[in-house]
Amino acid sequence: MNQQATPLFTALKKHAAGNPVQFHIPGHKKGLGTDAEFREFIGDNALSIDLINIAPLDDLHQPTGVILEAQKLAAEAFGADYTYFSVQGTSNAIMTMILSVCSEGDKIIVPRNIHKSVMSAIIFSGAKPIFVSPVQDENLGIDHGITTSSLERALRRHPDAKGVLVINPTYFGVCADLRSIVDLAHSYGVPVLVDEAHGVLIHFHEDLPVSAMQAGADMAATSVHKLGGSMTQSSVLNLNAKTGLVNPQRVQTILSMLTTTSTSYILLASLDTSRRNLALNGHEMAARTIALSNYARNSINEIEGLYSFGKEILGTEATFNHDPTKLNIHVRHLGITGYETENWLRQKYNIEVELSDMYNILCLITPGDTQESVDKLLAALQVLSAIHYSKGEIYELKVQVPNIPQLALIPRDAFYADTQLVPFRESAGYIIAEFIYVYPPGIPILLPGEVITQDNIDYIIDHVEIGLPVKGPEDRSITNIKVIVEAEPIS
């Protein structure tokens, strides 16, 4: 196929150039009806292609024209049999994957450090999650992925599972042996669904970890917007039909059910053009990004009190490969938290990072970075080290992640059950009816249907008190929590 073509974007430009008289939404009519300041800032070109699914521009819900052509080009670029565009982010694509294979009561094997969108889909479907513990890194205080051996134990106990979900790579760029995981699951006739939100570049360079499609996985939700240049909220869902374990038509139906009928053509155009850029220039873009990342990592490891891990952590089941474009910076030896580091970088140097936790900050190096941007980060970190190194007490590393709580109810049953509010600090022993998670990265600490333990309470309070972004409950202060109403005894 001609990867230089951009069928959707080209059709949009042609349509806008014709300057049609519009009696359809959006009501701003090419910007004439929008706020003047916003119009001046955003520009008339963007507003002219903010259109809807009129005949010349195809329909994402049942594509037969330029959107279908754009998706076929994307499938070739990503090595998939089918590619579907998502204008509601990778969360929507993840939910589509799960709802395509799971119905009420079905089991799905998932890591405990899943994104909250996975649990949303489990609630919608009524499925039962079978949790597998990710491997905890006791040196860094972060989670990696699940291992082939832990998955094998889960499949032996639950051979009737309808799917296995894997994160590849993790938020921190670490990968397990995806090919072995796929082969194992397929030997049980179970499809593999991959959360590939942070892995768009791995499709385009041999020095990066293997992609889901290369490993033979059945479906993968990939955030083109995170690292591949498209606009925020634009992603793709890639499908491998060769195994026969997923139905492409059902996937299209589920995706359509979850997707707005007012699809954004600006987001779709950004997917079309970003696919072209990746297909034509992705190898060079990835190579430049890898080199810049390695330069940053090597420089950080020369700064006293800081550490950014690389290939030296490889060699275990959980650390089979590493994406170097994820720059995790361990700050504990400066005697400060990752959260304090994030705020300091923002306030003193106007630098924003991707994530912070108790011990780390995460910086993403992408094709949009330059030597200048990376050097600015390095200069700031050198000042940070000079201020804090050997000046105060070093935080003792305590990986306090509690054990996986007991799942007492299927999440959907808990989410829709009769509830009551109780003080969070006194909630041990109750069954929780809502989520509690830290975002980013959106990994749940407690899920609907789980029994709250004192360890959970202590862990969450520690995060709240240090200022980390704990979210989820309707009571944003997490003073009170919704739990399942306990039935009165029958006398």
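Patches are made of residues with over 30% relative accessible area and no salt bridge, like charges being joined within 9 Å and nonpolar side chains (Val, Leu, Ile, Met, Phe, Trp, Tyr) within 5 Å. The model is predicted, with pLDDT of at least 70 needed for local features and 80 or more for side-chain atom pairs, while totals for chains, interfaces and linings use all residues. Residues are numbered from 1 along each chain as its sequence is written, and side-chain values use heavy atoms, without hydrogens or water.

**View 1. A nonpolar surface patch formed by Phe38, Phe41 and Ile42.** Together the three residues have about 350 Å² of accessible area (Shrake-Rupley method, 1.4 Å probe; for residues, only the protein chains shown count as cover). Phe38 is located in helix H2, residues 36-42; helices (H or I, at least four residues) and strands (E, at least two) are DSSP runs numbered from the N terminus. With a relative accessibility of 43%, Phe38 is classed as partly exposed. This class lies between buried, under 20% relative accessible area, and exposed, over 50% (1.4 Å probe, protein chains only).

**View 2. The salt bridge between Asp160 and Lys107.** The structure has 13 salt bridges, each defined as a side-chain nitrogen of Lys or Arg within 4 Å of a carboxyl oxygen of Asp or Glu. In the bridge between Asp160 and Lys107, the N to O distance is 3.4 Å. This pair connects distant parts of the chain, 53 residues apart: Asp160 is in the loop between helix H7 (148-157) and strand E6 (164-167), and Lys107 is in strand E2 (residues 107-111). Asp160 is partly exposed, at 44% relative accessible area.

**View 3. The salt bridge between Arg346 and Glu342 in helix H12.** The closest N and O atoms of Arg346 and Glu342 are 3.0 Å apart. Both residues belong to helix H12 (residues 338-349) and are separated by four residues, about one turn of the helix. Arg346 is partly exposed at 32% relative accessible area, whereas Glu342 is buried at 14%.

**View 4. The salt bridge between Arg425 and Glu465.** Here the closest N and O atoms are 3.7 Å apart. Arg425 is in the loop between strand E15 (419-423) and strand E16 (436-438), and Glu465 is in helix H15 (residues 454-466), so the bridge ties together parts 40 residues apart in sequence. Arg425 and Glu465 are both exposed.

**View 5. Buried and exposed residues of helix H8.** Leu178, Ile181, Val182, Leu184 and Ala185 are buried in H8 (residues 178-187). These residues lie on the same side of H8, because they span an arc of only 165° around the axis, the arc being that of the directions from the helix axis to the C-beta atoms. Asp183 and Ser187, on the other side of H8, are exposed. The buried residues of H8 pack against H7, E6 and strand E8 (192-196).

**View 6. The largest nonpolar core, with 43 residues.** A nonpolar core is a set of buried Ala, Val, Leu, Ile, Met, Phe, Trp, Tyr and Cys residues joined through side-chain atoms within 4.5 Å. Leu8, Leu12, Phe78, Phe85, Leu268 and Leu278 touch the most other members. Helix H11 (265-300) is among the elements giving two or more residues to this core, and its contribution of nine residues is the most. Apart from neighbours within four places in sequence, Leu268 is in contact (heavy atoms within 4.5 Å) with Leu8, Leu60, Ile67, Phe85, Val87 and Thr263.
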